[in-house]
Amino acid sequence: MEQIALHTRIAEGHEADYDREHARIPGGLDAALRAAGVHAWRIWRDGRDIFHLVEVEDYRTMRRQLAEDPVNLRWQEHINQYLEVADDYGGEDSGIRPVWSLPSQAPGTGNA
């Protein structure tokens, strides 16, 4: 399982539109994401900056599968009108590079 962080940016003046459109995503999109191996997708917004955390079996496989999924294509066409840069699912990106994380256990507390 992979955890992938992503960053997108809302086009100026479309913050409320983006929030409104994510209040309820199309029902078929939920099924398409799950079929592509997504276990969870969380989104945070800070002004116009959008941060995503995706838990997925294989991120690149998911991207390739969703690039051809009609439900996702309709959603992308719709939601991209509110983004500064549209995502065409054409790249081989790996998300934002991780730099640091807090270990699940404090140093010196593990089993010896």
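These are my notebook entries on a predicted model, written as I looked things up one by one.

**Entry 1: the sheet**

I began with the strands. Which order do they take in the sheet? I found an open sheet of 3 strands, in the order β1-β3-β2, with antiparallel pairing. β1 (2-9) and β2 (38-46) stand at the edges with a single partner strand each, so one side of each has no neighbour in the sheet. I also looked up how the neighbouring strands are turned against each other, and the average is 15°, direction ignored.

**Entry 2: how the strands are joined**

Next I went through the pairings. How many bridges join β1 to β3? There are 8, and the two strands run antiparallel, with β3 covering residues 49-56. I noted two of the partners here: Ile4 has Val54 as its bridge partner in β3, and Glu2 has Val56.

Then I turned to the other pairing. β2 and β3 are also antiparallel, and 8 bridges join them. I looked up Trp41 and found that its bridge partner in β3 is Val54.

**Entry 3: the hairpin and the helix**

I followed the chain from β2 into β3. The hairpin of these strands has 2 residues between them, and Gly47 takes a positive phi near 65° there.

Which strands does helix α1 touch? Helix α1 (residues 15-22) packs on the sheet and touches β2 and β3. Its direction makes about 155° with that of β2.

**Entry 4: salt bridges, pair by pair**

The structure holds 10 salt bridges, and I picked out a few.

I looked at Asp30 and Arg34 to begin with. They form a salt bridge, with the closest N and O atoms 2.8 Å apart. Both residues lie in helix α2 (residues 27-35), 4 residues apart, which is about one turn of the helix. Are they buried or exposed? Asp30 is partly exposed, with a relative accessible area of 34%, while Arg34 counts as exposed at 52%, since the cut-off for exposed is over 50%.

My next pair sits in the sheet. Glu55 forms a salt bridge with Arg42, and the closest N and O atoms are 2.9 Å apart. Glu55 lies in strand β3 and Arg42 in strand β2, so the pair ties together parts that are 13 residues apart in sequence. I found Glu55 buried, with a relative accessible area of 18%, because the cut-off for buried is under 20%. Arg42 is partly exposed at 38% relative accessibility.

I then looked up Arg63 and Asp93. Their salt bridge has its closest N and O atoms 3.3 Å apart. The pair links distant parts of the chain: Arg63 is in helix α3 (residues 59-66), and Asp93 is in the segment after α4, 30 residues apart. Arg63 counts as buried at 8% relative accessibility, whereas Asp93 counts as partly exposed at 28%.

**Entry 5: Glu84 and its contacts**

Arg9 is 75 residues from Glu84 along the chain, yet their C-alpha atoms are separated by 5.6 Å.

I also saw that Arg9, Arg48, Asp49 and Glu84 are linked in a network of salt bridges. Glu84 itself is partly exposed, with a relative accessible area of 45%.

Which residues make the nonpolar patch? Val99, Trp100 and Leu102 make it, and its area is about 450 Å². Trp100 is exposed, with a relative accessible area of 67%.

Methods: Residues are numbered from 1 along each chain as its sequence is written. This is a predicted model: local features need pLDDT of at least 70, side-chain atom pairs count only at pLDDT 80 or more; totals for chains, interfaces and linings use all residues. Side-chain values use heavy atoms; hydrogens and water are left out. Patches are made of residues with over 30% relative accessible area and no salt bridge: like charges are joined within 9 Å, nonpolar side chains (Val, Leu, Ile, Met, Phe, Trp, Tyr) within 5 Å. Accessible areas come from the Shrake-Rupley method with a 1.4 Å probe; for residues, only the protein chains shown count as cover. A salt bridge is a side-chain nitrogen of Lys or Arg within 4 Å of a carboxyl oxygen of Asp or Glu. Buried means under 20% relative accessible area, exposed over 50%, partly exposed in between (1.4 Å probe, protein chains only). Two strands pair if DSSP finds at least two bridges between them. Axes are lines fitted to C-alpha atoms, for helices over the stretch in contact, and angles run from 0 to 180 degrees between N-to-C directions. Contact means heavy atoms within 4.5 Å.
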